[in-house]
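Welcome! Please take a moment to look over the sequence and the 3D structure, and then let us walk through them together.

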Amino acid sequence: MNPLISVIVPCYLQAEYLDECLQSVYDQTYSNWECIIVNDGSLDNTEEIAKRWLEKDNRFRYIYKENGGLSSARNAGIREAKGEWIQFLDSDYMIHKSKFIDSKLYFENCDLTITDFQLFNSESILQNHCSFIDKHISYESMLFDWDIECKSSAIRKCLYW
């Protein structure tokens, strides 16, 4: 079984990172994906960059919407998604090239898969940031214990494994 994975990339004033982000989707070893780029009213050259990717591969799609914030942009992407599974990917993040194929084992047995991530800069990987690896997570623990076990960061350049 090779289910379609819908990657939703909300964009707002982060065009400088968008090429790297979309390249990391394009480089996936798992090929059954679509990538929905949601321009959330960004005033930079997000549209220009996104349209280059549309020409490169028909698995990329583009949506423009009035600025409404991250949740609004993700929801717009969800409404357009055709995949059985959803992967949120902020436009200043990248995913490891084998993320989808490595995670596929969990897709069929779990409602939610959370994978580790690393922060890095141009010189090196800075640190692993999440302790949830190969662990069943209930919806309750996701809602009530998230800040205890896994802290998110607003620092750019994250690589999801």
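This is a predicted model: local features need pLDDT of at least 70, side-chain atom pairs count only at pLDDT 80 or more; totals for chains, interfaces and linings use all residues.

## A guided walk, starting at one serine

Contact here means heavy atoms within 4.5 Å. You will find Ser91 in the loop between β4 (85-88) and β5 (93-95); helices (H or I, at least four residues) and strands (E, at least two) are DSSP runs, numbered from the N terminus. Because its relative accessibility is 1%, Ser91 counts as buried. The word buried stands for under 20% relative accessible area, exposed for over 50%, and partly exposed for what lies in between (1.4 Å probe, protein chains only).

Residues are numbered from 1 along each chain as its sequence is written, and side-chain values use heavy atoms, with hydrogens and water left out. The pLDDT is the predictor's confidence in each residue, from 0 to 100. The chain averages 80 on this scale, and 66% of the residues score at least 70. Please take care with residues 129-133, where pLDDT stays under 50 and the model has 16 contacts beyond four places in sequence. Residues 151-161 also stay under 50, with 46 such contacts in the model.

Now step back to the whole chain. It has six helices and eight strands, and from the N terminus on they run β-α-β-α-β-α-β-β-α-β-β-α-α-β. Of the 161 residues in the chain, 45% are buried. Among the contacts with a separation of 6 or more, 75% are between residues 24 or more positions apart. The accessible surface comes to about 9200 Å², and carbon and sulfur atoms hold 50% of it; such areas come from the Shrake-Rupley method with a 1.4 Å probe, and for residues only the protein chains shown count as cover.

In α2, the residues Thr46, Ile49, Ala50 and Trp53 are buried. They share one side of α2 because they cover an arc of only 95° around the axis; the arc is that of the directions from the helix axis to the C-beta atoms. The cover over these buried residues includes β1, α1, β2 and β3. In helix α3 (residues 70-80), Ala73, Ala76 and Gly77 are buried. These residues cover an arc of only 95° around the axis, which puts them on the same side of α3. On the other side of α3, Ser71 and Arg79 are exposed. The buried residues of α3 pack against β1 (5-11), β2 (33-40) and β3 (60-65).

How many aromatic pairs does a search of the whole structure find? There are three. Rings of Phe, Tyr and Trp (its six-membered ring) pair if their centres lie within 6.5 Å; planes under 30 degrees apart count as stacked, over 60 as edge-to-face and the rest as tilted. Tyr26 and Trp53 have ring centres 5.9 Å apart and planes at 65°, so the pair is edge-to-face. Tyr26 lies in helix α1 (residues 15-26) and Trp53 in helix α2 (residues 46-56), so the pair ties together parts that are 27 residues apart in sequence. Tyr26 is partly exposed at 29% relative accessibility, whereas Trp53 is buried at 5%. The rings of Trp53 and Phe60 have their centres 5.3 Å apart and their planes at 55°, so this pair is tilted. Phe60 is buried, with 3% relative accessibility. Ring pairs link Tyr26, Trp33, Trp53 and Phe60 into a cluster.

Our last stop is another serine. Ser98 sits in the loop between β5 and α4 (99-107) and is buried, with a relative accessible area of 13%. Leaving aside neighbours within four places in sequence, Ser98 is in contact with Gln28 and Thr29. Ser98 and Asp27 are 71 residues apart in sequence, and their C-alpha atoms are 8.5 Å apart in space.
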